[in-house]
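Thank you all for making the time this morning.

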Amino acid sequence: MELGLKGKVAAVTGGSEGVGKATVLRLAQEGAKVAFCARREGLLQETAAAIRTATGAEVHAMAVDIQQRGEPERFIAETVKRFGRLDIVVNNAGREASFPFDDVNDDDWQADLDLKLFAAIRAIRAALPHLKASGAGRIVNITHVGAKQPRARSVPTSVSRAAGIALTKALSKELAEHKILVNTVCVGLIWSGQWESRRLAQAPNESPAQFERWVMANRGGGAGAPLGRMGQPEEVADLIAFLASERGSYITGTAINVDGGLSGAV
């Protein structure tokens, strides 16, 4: 399916691994020019080189601590300076932070909100003039199914991600007059660098497949995903690319689960 992304310019946060990396690759495969950011310079450049080799696309990697005030704005400004325009923003930066309420202090709450909510707010604010000029702007926020159906001991992530869903819906209504579509992809158990780090820390002698089976059996009290496996980053990236494309031109204000049926909320 031709998605109509050739020549479009996208900015992706948290793009060095996992869903972010898969999204940069997928957009590049479709002919988009992509800027992406993360904190680790070495990994960023490795990822950029691999994607350039695989696709021949124009890809720009930038070391940014998206959690810090002023950094999302710097990333967007550099993207526009590099490519001359901006059509797509994918707010993907984030990490798991789920604890009992009593264990989370004010600094923890603020750090999580800065990373998962305010980074997106700041990036969108900086991008808006360019998305309006595009005439077909797209914003895709990556959130989590736990925001729709929080479990016990899931703060601050479930709260920060719920705010991201509310931001998505509010902006979809406000920005519709500018032909800017705003959606969120709510992920479930998706294999990523964070899960690999957990495997190495908790069960270094187990293969990824063995650790995945353990996660399926134990995550959420044995609930697991009905499909019986974790998702792959590429499966999320395919949906993101669709929502960013001309093919998704009548979809806005949605919160779509990519979770193998894990969530009880639609």
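What we have on the screen is a predicted model, and I will begin with the lining of its largest pocket, which by class is made up of 12 nonpolar, 16 polar and 10 charged residues. The volume of this largest pocket comes to about 900 Å³, and of the 38 residues that line it, those closest to its centre are Asn92, Ala93, Gly94, Arg95 and Gln194. If you look for the elements that give two or more residues to that lining, you will find α1 (18-29), β2 (33-38), α4 (106-134), β6 (138-144), α5 (157-174) and α6 (193-202), and among these α6 gives the most, with four residues.

Is Glu71 buried or exposed? Its relative accessible area is 18%, and because buried means under 20%, Glu71 counts as buried. Leaving aside residues up to four places away in sequence, Glu71 touches Val64, Asp65 and Ile66.

The other residue is Val215, which sits in helix α7, residues 208-218, and which at 2% relative accessibility is also counted as buried. With residues up to four places away in sequence again left out, Val215 touches Leu189, Trp195 and Met230.

Key. Residues are numbered from 1 along each chain as its sequence is written. This is a predicted model: local features need pLDDT of at least 70, side-chain atom pairs count only at pLDDT 80 or more; totals for chains, interfaces and linings use all residues. Side-chain values use heavy atoms; hydrogens and water are left out. On a 1 Å grid over the protein atoms alone, a cavity is a set of points where a 1.4 Å probe fits but cannot get out, and a pocket is an open set with protein on both sides within 12 Å along at least five of seven lines; lining residues have an atom within 4 Å of a point. Grid points are joined across faces, edges and corners, and a volume is the space filled by probe spheres set on the points. Ala, Val, Leu, Ile, Met, Phe, Trp, Tyr, Cys and Pro count as nonpolar, Asp, Glu, Lys and Arg as charged, and the others, Gly among them, as polar. Buried means under 20% relative accessible area, exposed over 50%, partly exposed in between (1.4 Å probe, protein chains only). Contact means heavy atoms within 4.5 Å.
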